[in-house]
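Here is a short tour of a protein model for someone new to reading structures. Keep the 3D view open and click along as you go.

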Amino acid sequence: MSQHAWLVRACTSKLTRMGLPSCRTSIASLTAKHRLESRLNVAHDFNARPSWRHDLYANSQRIGVKSAVIGWFINPGFAVATLYRVSRWGKSRGTVVGNLLSVWARRRILRDYGCDINPTAIIGAGLRLPHPIGIVIGDGAVIGSDVTIYQGTTIGRRSERQADYPVLGDRVTIYAHATIVGRIAIGDDATIGARAIVRDDVPAGGTAYAAASRVIDRLPTG
């Protein structure tokens with residue numbers, strides 16, 4: 001047994017005897033997030049060319065340079081994904097020119113589409129953006145491959161004092177105006193419903209959704 005696994009088991013056993021199930025759940029949550037984050041950081045080490053090809057197919061179901069040129073002008077989702085790749089590539093160079101390129105690409109996304117995607121966020125290949133408007137992704141977010149993000153989504157930290165960000169697995173779908181914040185893990189193939197506010201882990205294949213609207217009262221008539 002590894003030292004990390006032994007420590008988690010020992011702490012969990014101690015907390016259970018103390019009658020603190022919420023703390024036990026918290027430790028398990030952090031362990032799951034650590035494993036997912038480690039896997040994604042290795043699997044999605046930045047490589048621009050395969051990523052933009054996957055992004056093109058995810059957003060237009062087409063391949064090839066000609067389709068990429070056409071997609072740049074007529075497919076907003078592919079354009080935003082490409083600008084993010086350029087911004088991240090420039091930032092990773094660590095040079096003056098690279099940083100200027102990164103700033104230009106990020107501002108272009110913000111100006112043209114109203115999205116703010118930090119170049120230090122890690123996003124895997126096949127990013128699909130059906131309606132890229134008002135999307136915010138913070139600098140510490142880690143997002144897997146083949147993820148679909150709809151308009152108005154926020155992926156970030158809970159507050160200015162808490163700098164922990166979510167980690168999302170592969171093939172996650174996030175519907176409109178969802179908010180995912182804090183040090184949490186969203187498993188592979190999970191679904192986040194429209195307007196959901198997610199502050200806890202979602203298991204692989206799980207679904208998180210907002211409560212349905214209900215009518216409180218009717219307007220007076222006559």
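## A hidden arginine

Let's start with Arg 85, which is buried, with a relative accessible area of 3%. This is a predicted model, so keep that in mind as you look around. The cut-off explains the label: buried means under 20% relative accessible area, and because Arg 85 comes in at 3%, it counts as buried. You'll find Arg 85 in helix H5, which covers residues 76–93.

What does the side chain of Arg 85 have around it? One of its polar atoms lies 2.7 Å from the backbone oxygen of Ile 123. Trp 52 is worth a click too: Arg 85 and Trp 52 are 33 residues apart in sequence, yet their C-alpha atoms are 7.4 Å apart in space.

## Its partner, Asp 55

Which side chain meets Arg 85 in a salt bridge? That would be the side chain of Asp 55, with an N to O distance of 2.8 Å. Asp 55 sits in helix H3 and Arg 85 in helix H5, so this pair ties together parts of the chain that are 30 residues apart in sequence. As a rule, side chains of opposite charge can pair when their charged atoms come close.

Is Asp 55 buried or exposed? It counts as buried, at 0% relative accessibility. Its helix, H3, runs over residues 48–60. Leaving aside residues up to four places away in sequence, Asp 55 touches Phe 78, Ala 81, Arg 85, Ala 125, Gly 126 and Leu 127.

How many salt bridges does the structure hold? There are six. Another one joins Arg 108 and Asp 112, whose closest N and O atoms are 2.4 Å apart. Both belong to helix H6 (residues 96–113), and because they are four residues apart there, about one helical turn separates them. Arg 108 is partly exposed at 23% relative accessibility, and Asp 112 is partly exposed as well, with a relative accessible area of 35%.

Next, look for Arg 183 and Asp 164, which form a salt bridge with their closest N and O atoms 3.9 Å apart. This pair links distant parts of the chain, 19 residues apart: Arg 183 is in the loop between E9 and strand E10 (185–186), while Asp 164 is in the loop between strand E6 (154–156) and E7. Arg 183 counts as partly exposed at 35%, and Asp 164 does too, at 36%. Back among the other charged residues, salt bridges that share partners join Arg 108, Arg 111 and Asp 112 into one network.

## The sheet

Now switch to the strands. Five of them make an open sheet in the order E1-E3-E6-E9-E12, with parallel pairing. Strand E1 (116–117) and strand E12 (197–198) stand at the edges, and each has a single partner strand, so one side of each has no neighbour in the sheet.

What holds neighbours like these together? In general, strands of a sheet pair through backbone hydrogen bonds, either parallel or antiparallel. Here, strand E9 (residues 179–181) and E12 pair in the parallel sense over two bridges. To pick out a specific pair of residues, click on Thr 179: its bridge partner in E12 is Ile 197.

## An oily patch outside

Where does the model show nonpolar side chains at the surface? Val 65, Val 69, Ile 70, Phe 73 and Ile 74 make a nonpolar surface patch of about 550 Å². One of them, Ile 74, belongs to helix H4 (residues 65–74). At 64% relative accessibility, Ile 74 counts as exposed, because exposed means over 50%.

Finally, here are two loop residues to check. Gln 61 has a phi near 55°, a positive value in a residue other than glycine. You'll find Gln 61 in the loop between H3 and H4, and at 51% relative accessibility it counts as exposed.

Arg 171 also isn't a glycine, and its phi is positive, at about 60°. Look for Arg 171 in the loop between strand E7 (167–168) and strand E8 (173–174). With a relative accessible area of 40%, Arg 171 is partly exposed.

Note on methods: Residues are numbered from 1 along each chain as its sequence is written. This is a predicted model: local features need pLDDT of at least 70, side-chain atom pairs count only at pLDDT 80 or more; totals for chains, interfaces and linings use all residues. Side-chain values use heavy atoms; hydrogens and water are left out. Buried means under 20% relative accessible area, exposed over 50%, partly exposed in between (1.4 Å probe, protein chains only). A polar contact is a pair of N or O atoms within 3.5 Å; within protein, one must be able to donate a hydrogen and the other to accept it, and residues adjacent in sequence count only if both atoms are side-chain atoms. Patches are made of residues with over 30% relative accessible area and no salt bridge: like charges are joined within 9 Å, nonpolar side chains (Val, Leu, Ile, Met, Phe, Trp, Tyr) within 5 Å. Accessible areas come from the Shrake-Rupley method with a 1.4 Å probe; for residues, only the protein chains shown count as cover. A salt bridge is a side-chain nitrogen of Lys or Arg within 4 Å of a carboxyl oxygen of Asp or Glu. Contact means heavy atoms within 4.5 Å. Two strands pair if DSSP finds at least two bridges between them.
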